[in-house]
Structure formats: C-alpha cells, structure tokens
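Colleague: I'm new to this one. Can you walk me through a few spots?

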Amino acid sequence: MDLGMSERVRPLVEQVRRMVRDEIAPLDAEYHAEVGRHPSGNRFAMTERQVEILDALKEKAKARGLWNFWLTDSDKGYGLTTVEYAYLAEEMGAVTIAPEIFNCNAPDTGNMEVLERYGTDAQKERWLPGLMEGRTRSAYLMTEPDVASSDAVQISLKCERDGEDYVLNGEKYWATGAGDPRCSLYIVMTRTDPDAPKHSRHTMLLVPADTPGIEVLRPMEVFGHDDAPHGHMHIRFTDVRVPRDAVVLGEGRGFEVAQGRLGPGRIHHCMRAIGRAEYALELACKRALGREAFGKPLAELGANYDIIANARIEIEMTRLLCLKAAWMMDNAGVRAAQPWISKIKVQAPLMALKVVDEAMQIFGATGISQDTPLAGIYTDLRTLRFADGPDAVHRRQVARAELRKYSNTTK
C-alpha cells in the first residue's frame, strides 16, 4: 500500500503550495472584507474587487496548468489517483478561497463528477463547459427541513410526471453555493415513487436555477454568519416544471447517483480539513514564538509545548487515515472504501477543530476576531461535522462494519 506522494504529483503540490501561501492567502481577507459593499446592498452580490481578485488568480492558475485536478481517472483532466489528488486538496484547503482558484471547490467538483460520470452527452454539453472553465457555479440540493435527511431514503420533495415534464413541489435547505450570483444549476434529489423499494424511490434532476417556481427563502446562518457571497440557501419549489431529459442516469436511481457523488467528495472535504489544521498550527507556532508574556515567549508558557506537539501528532495520524481511505477508493471501489471514508469523516473535522481551537487560545482574544482567519476556519469546520452526513451516522457505519466481522462467531 503506497500512500506516499508520487513523482507525478510532487511538483504540482509544490506549485499549489507556493501559490496558496504567496498569492492567494494575502488576498483572502480582502476578498471577504468586500462582502456587503456592493452598491445594491445585497450581501450575495459580488463587488468589482471580488471579481477582480478571483479572475486574476484563476487566470494565473490556468496559465500554470493548475486547473481541474479533481477530474481523476479521466482523459479530460490530469488523470490523478484519489491518493494523488488528496495531497493537492490538503494544500488548497488551507485558505478559504483557494479551492475555487484551481476550480477544485465544493460543491462544484462533486456536481461536475455527477455530470462527467452519469450525464448524457446533451447534459454534459449544456452544463460542463461553464463549470469546468470556472465561469459558472452550481448547488447540490438534498437536505430538507422537515425530514432527517441524514437518512437519505426519507428525502421527500415531490416529483410527479405530467406529460413530458416532471413537476416539483417542496423545500430544500442548506443548499451550499446557491447564494452565489453565478450559480446556474441545481442538482436536486427528488422522490418520484414513494411505494418503490427504499433505494429506488428517488430521482436526481438537473434544474436550471432560474426555472419559474423556484424561490430562495433565506440564507441559512452558521453561528450568525451567512457565508455570503457563497451561501447555504433555503429554497422552495412550487410547481416547478422540468423536462424528462433533466433526469440523471434514470428514474429511481437517485440514491445510486448520490452515493457515487458523496464518496470522493467526503475524502476531498477531509483532506481540505487537514490543510486547515496545518495552516492553523503554522499560525499558532509563529504567534507562540513571536509574542511574549511574563518575560517569556508564549511557546514556553503553560502547556504550549505539549499542545503544539499533540497537534502535530494528530495531524499526521489523521492524514494517514485519509490517505488510506483514498487508497481504498482507488483500489477497491466506493463500496469497500465506505467504512474508511466514514472513519475520516468523523476524525478529520474533530482533529482540525481541536487544532484551530488551540491556535485561537494562543492568539488570545485576537484569535476569535476578524484579524485572523481562525474564527472563520473554525466555523467552516464545525459545519463540516454535519455536511455529507453527521458524525453519528458515520460512526454507525463504522460500528456496523466492525460488528459484521464477528456476526457469525457469536452465539
């Protein structure tokens, strides 16, 4: 089992690391400071400066060939393995806007994978070019306010046939990316046959974001923050009509599409979380060495040596677990990798949250302010413990896999 960085990906990792630290990180705070400054007063409208920052950095990434790394196992991209891409995801995860600069940002990567893997030629022709060129954005609509959506078979947004169309009625929320003014596509999990076997009740549809009958009700806030201009929106569908050719893969195959999408996406999330932990530890170490109290550097006070050492140890352990999950994805497929993916989905955000919390403590009150990226990173990581399934669901999967080993040996 080779989990090391390959010679093919090593130079890419170095280039991405330099660009993230030297060119993207210095502009991250300025980008977010622009939120709410659009002349319209709309927090989800992007200012000229925000557009300038993104476009200029994207052009640099494209010119250097640092683009669409996520497209693994495809002749349209680098053809990297999941293990190779994991190292890149870690570097891109350090800074909030960095993944988009390389067109490797969620939820678009997962949505592009759906189109690339399951879409028809016509669907790909319509939606993929804008997304792969970084001109448009998309959202994935699965979670609903009235059911426990961690149990995907309960998804209940109605999708009924009417002639050559489907008619959609219901609500979705936590639609990440739907607030972005460039968002043109919703990939929507719907229920087409409530009486079918539980894994055949649902259908995935491609729905243009400007379809009549779609109403964005509100942004969902995380600790009082609306995450503009990206956003996690609450959306209502009222008699929304889409044609039959909007179906992905086939009617009743929505659960299959969802599982295929979420496997690699969870690995990407977790590796980005490790990147954030690394960045937080770097900031903490520089602060600990550069600030004094009681006549000593902060590093020498309290238990800061132990805190820093434990952070390094836990980051390394979690990275290895993530890389093994990626290796399983490459070599055994999504189903066999699932328990490993569930392990990292629990471990990576918990570890990163702990590291960021300790970094904030070393910074003192500054650590929870707008003067460092730590508070924003913490908020994103805490959200990640719910995204793509809450901890309890993944622990259940891990426990079931473990118990299955002994199910025929006990009385």
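Modeller: Let's begin with rings. Rings of Phe, Tyr and Trp (its six-membered ring) pair if their centres lie within 6.5 Å; planes under 30 degrees apart count as stacked, over 60 as edge-to-face and the rest as tilted.

Colleague: How many aromatic pairs does a search of the whole structure find?

Modeller: Two aromatic pairs turn up. This is a predicted model, where local features need pLDDT of at least 70, side-chain atom pairs count only at pLDDT 80 or more, and totals for chains, interfaces and linings use all residues. Residues are numbered from 1 along each chain as its sequence is written, and side-chain values use heavy atoms, with hydrogens and water left out.

Colleague: How do F69 and F102 pair?

Modeller: That pair is tilted, with 6.5 Å centre to centre and 35° between the planes. F69 lies in the loop between helix 2 (48–63) and helix 3 (82–92), and F102 in the loop between helix 4 (98–101) and helix 5 (108–118), so the pair ties together parts 33 residues apart in sequence. Helices here are DSSP runs (H or I, at least four residues), strands too (E, at least two), numbered from the N terminus.

Colleague: Is F69 buried or exposed?

Modeller: F69 is buried, at a relative accessible area of 0%. F102 is buried as well, at 0%. Buried means under 20% relative accessible area, exposed over 50%, partly exposed in between (1.4 Å probe, protein chains only).

Colleague: And what about Y173 and W174?

Modeller: Their ring centres are 6.2 Å apart and the planes sit at 55°, so this pair is tilted. W174 is partly exposed, at 30% relative accessibility.

Colleague: What does M220 touch?

Modeller: Leaving out residues up to four places away in sequence, M220 touches Y173, W174, H225, D226, H232, M233 and H234. Contact means heavy atoms within 4.5 Å.

Colleague: Where is M220 found?

Modeller: In the loop between strand 6 (214–219) and strand 7 (232–243). M220 counts as buried, at 9% relative accessibility.

Colleague: New topic. At what angle do helix 8 and helix 10 pack?

Modeller: Helix 8 (residues 304–363) and helix 10 (residues 391–404) pack at about 140°, with axes 8 Å apart. Axes are lines fitted to C-alpha atoms, for helices over the stretch in contact, and angles run from 0 to 180 degrees between N-to-C directions. The two helices are therefore oblique to each other. Angles under 35 degrees count as roughly parallel, over 145 as roughly antiparallel, 65 to 115 as roughly perpendicular and the rest as oblique.

Colleague: Which residues make the contact?

Modeller: P339, S342, K343, K345, V346 and L350 of helix 8 meet D391, H394, R395, Q397, V398 and A401 of helix 10.
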